[in-house]
Amino acid sequence: MAFIKDLVFCRSTLKEFSQKIPIAFAAASIKCLQKSIQYVAASNTSESKVKVVTNTFGGIAKQCNRIKTWFD
């Protein structure tokens, strides 16, 4: 009986996980794309490219931390 409850819990958790993860990363991608467009429009220097990479990494890290809280 406990096995079935665990199986149902795992299934529902994975289903929820599969629905939330793409939305979270899509949101981060949109924000990073908007920032990169701003930097590229302003200047095409190495500095602006570094900012794009930094913001992309920061956006992904924030979304990963947000996702971790769903399971804490």
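Author: This is a predicted model. Let's begin with its largest pocket: α2 gives the largest share of the lining, five residues.

Reader: Which helices supply at least two residues each of that lining?
Author: Both α1 and α2 (46–70) do. Among the lining residues are Ala28, Lys31 and Cys32, along with Asn55, Gly58 and Gly59. The volume of the largest pocket is about 210 Å³.

Reader: Why is phenylalanine 3 called exposed?
Author: Check the cut-off: exposed means over 50% relative accessible area. Phenylalanine 3 has 61%, so it is exposed. You'll find phenylalanine 3 in helix α1 (residues 2–42).

Reader: What kind of surface patch do Phe3, Ile4, Leu7 and Val8 form?
Author: A nonpolar one, with about 440 Å² of accessible area together. Nonpolar side chains such as Val, Leu, Ile and Phe are joined into a patch within 5 Å.

Reader: And the chain as a whole, how many helices and strands does it have?
Author: Two helices and zero strands. Of its 72 residues, 12% count as buried, where buried means under 20% relative accessible area. The chain exposes about 5,900 Å², and carbon and sulfur atoms supply 68% of that.

How values were computed:
Residues numbered from 1 in each chain as written. Predicted model: local features only at pLDDT ≥ 70, side-chain atom pairs only at ≥ 80, totals over all residues. Heavy atoms only, no water. Patch = residues over 30% accessible without salt bridge, like charges linked within 9 Å, V, L, I, M, F, W, Y side chains within 5 Å. Areas by Shrake-Rupley, 256 points an atom, 1.4 Å probe, with all protein chains shown as cover. Salt bridge = Lys/Arg side-chain N within 4 Å of Asp/Glu carboxyl O. Helix = DSSP H or I, 4+ residues; strand = E, 2+ residues; numbered from the N terminus. Buried < 20%, exposed > 50% of the residue type's maximum accessible area, 1.4 Å probe, protein only. 1 Å grid on protein atoms, 1.4 Å probe; cavity = no way out; pocket = protein on both sides within 12 Å on 5 of 7 lines; lining within 4 Å. Points joined across faces, edges and corners; volume = space filled by probe spheres on them.
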